[in-house]
Amino acid sequence: MDRKESFIENPGQFEKIEQILLDLIPSLPEAKEFCKLTLPNGEEFQLPILKGTNGPPMIDIRSLHDKTGYFTFDPGYTCTGSCSSQITFIDGDKGILRYRGYPIEKLAEICSFEETCYLLLYGELPSRKDLEIFCEAMKDEMLIHEQLISFYKGFQKGAHPMAILVGVVGALSAFMHDGLDLKNKVEREKTAIKLVSKFPMISALAYRTAMGLPIIYPKRNLTYTQNFLYMMYCDKTDIENYKVDEFLADVLDKILVLHADHEQNASTATVRIAGSSIANPYACIAAGIASLWGPAHGGANEAVLDMLEKIGSIENIPKFIEDVKAKRDGVRLMGFGHRVYKNYDPRANLMRDLCHKVLDYLEVKSDPFMKMAVELERIALSDEYFIKRKLYPNVDFYSGIVLNAIGIPKSMFTVIFALARSIGWIAQWREMISESVIRIGRPRQLYVGYDRREVKSVGSRLDTFENKSDIKQRSNRRRFSVTKP
Ligand code: ACO
């Protein structure tokens, strides 16, 4: 295959891929059952029930407003399906996670991150030949535009790598906008491959910028994960002698597989909503990165380490748990709880095993963070507060400890999550954008503000502030009261 041709543009390959892509567009099942809704005035309406391959049935309320004049109210979308998808399935009660039908445990054991990317994009695990072609196509796209590198120079040393990531991925849209036709299948494929392929360099450069280190370019003979580690850690003055630790690269690769997709979580839903206006896909991914950063979502891995540092030692755990249960200052047990899992997050189990493997490999006899995490988990799982609320460790509880043991700085934890999730975001975006009818994401609200009132002229309105410093104090107070949960 000619290196210059993209994977998708190769004529023989394209015919095969075109059929695969058609099969990957989700179609809605036909409703065979209906439920009855009775309004306060006694009128009755039939609503169809949709059943997917797995998971709870859903009441199709798309015609609800037209038929009844009512909307549904569901802040945080706790009971609302926003799309149909073929990509990922989660059963939160049973602790099941599957990508395209394959259990996460098996994928993490057997498959590389590149194989997982192929699976998420093309629906099947690749043959050896498919994988080779795919990896070559990714390597063709792993460099970023030299001018994009100038963007990094605008960030000060010490800037949070996630802040850099949001900015630079957003800026990528300026390089990939003109002529980008999202109706064109080939363009969409190229977009997906480009985004995922460039992510290691973009992420590693975020770290090097934050550390004030010179840029390192990727190497063709390294795998996706090895390249990321190489670009992050290689000493610019000793490039020839730098060797990626294969064991640790393999562990990181498994971590990437575990984080690759998680159906309609906050950041993926953000990417889909942004994409539903047919916005530039790179800008949509930047929106997803912003959503991921929060400590309630992907930022929890960094917050777990912050929490463990704050607790300090095992003796302080009972007091900390008391604070959590009393909801003192909104403190939460970070890395615990999940909107969907009301049982073990299967990724948390795998992550704990990886933690032990890494500590053994590094011959760390007793890691203080690991000791505290195990004790926190033991106490929480036997405490009525956590049992009643079905709060179990999630993927982030142990991931920070593994990454810390590998030597990854805390501020890079969520960047690594984003690196892994780039494939999930773009696969979900592509699934949405390939549908024949795309409806813009636009929720409704229950308005509880003032009813109509009259506008008074400025002279007849009441004072709120005594003087200018009042306003300044109020805005400062607000700024400083933003604390991590
Ligand atoms: N520690 C203590 N209490 C908790 C925790 C926690 N980690 N999580 C939930 N609760 C409590 C809440 O206070 C609430 O109690 P109440 O019934 O007395 O009011 C109850 O459990 C339900 O919590 P909600 O916030 O309503 O649950 P929701 O599904 O909206 O939130 C979330 C899920 C955001 C993950 C939450 O569990 C949390 O904040 N966890 C800590 C942060 C974290 O680890 N996030 C990573 C999630 S995984 C991921 O995104 C990759």
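1. The domain bounds used in this note come from an automatic or database domain assignment. On that basis the protein is divided into domain 1 (33-82), domain 2 (101-291) and domain 3 (300-405), and 28 Å separate the centres of domain 2 and domain 3, taken over C-alpha atoms.

2. This is a predicted model, in which local features need pLDDT of at least 70 and side-chain atom pairs count only at pLDDT 80 or more, while totals for chains, interfaces and linings use all residues. Residues are numbered from 1 along each chain as its sequence is written.

3. The protein has 20 helices and six strands, where helices (H or I, at least four residues) and strands (E, at least two) are DSSP runs numbered from the N terminus. The radius of gyration, taken over C-alpha atoms, is 25 Å, close to the 23 Å of the globule rule (2.2 Å times the number of residues to the power 0.38) for 485 residues, so the protein is as compact as a globular protein of that length. Along the principal axes, the C-alpha atoms fill a box of roughly 75 × 60 × 55 Å.

4. Of the 485 residues, 37% count as buried, a class that requires 20 or more other C-beta atoms, placed from the backbone, within 10 Å of the residue's own. Contacts are pairs of residues whose C-beta atoms, placed from the backbone, lie within 7 Å; among those between residues at least 6 apart in sequence, 73% join residues at least 24 apart.

5. Helix 10 (residues 246-259) has 14 residues and reaches 20 Å from its first C-alpha to its last, close to the expected 20 Å, the expectation being 1.5 Å times one less than the number of residues. Ten of the 14 residues of helix 10 are buried, among them D253, K254 and H259, and the buried residues pack against helices including helix 3 (104-110), helix 15 (346-361) and helix 19 (413-433).

6. Nine residues of domain 2 are in contact with eleven residues of domain 3. On the domain 2 side, helix 3 and helix 10 are the elements that give two or more residues, and helix 10 gives the most, with six. By class, that side has six nonpolar, one polar and two charged residues, where Ala, Val, Leu, Ile, Met, Phe, Trp, Tyr, Cys and Pro count as nonpolar, Asp, Glu, Lys and Arg as charged, and the others, Gly among them, as polar.

7. Around the ligand there are 20 residues, of which A300, R332, F336, G337 and R339 come nearest; a residue belongs here if its C-beta atom, placed from the backbone, lies within 6 Å of the molecule. This shell divides into eight nonpolar, eight polar and four charged residues.

Definitions and conventions
A residue is buried if 20 or more other C-beta atoms lie within 10 Å of its own, exposed if 12 or fewer, and partly exposed in between; C-beta atoms are placed from the backbone. Two residues are in contact if their C-beta atoms, placed from the backbone, lie within 7 Å.
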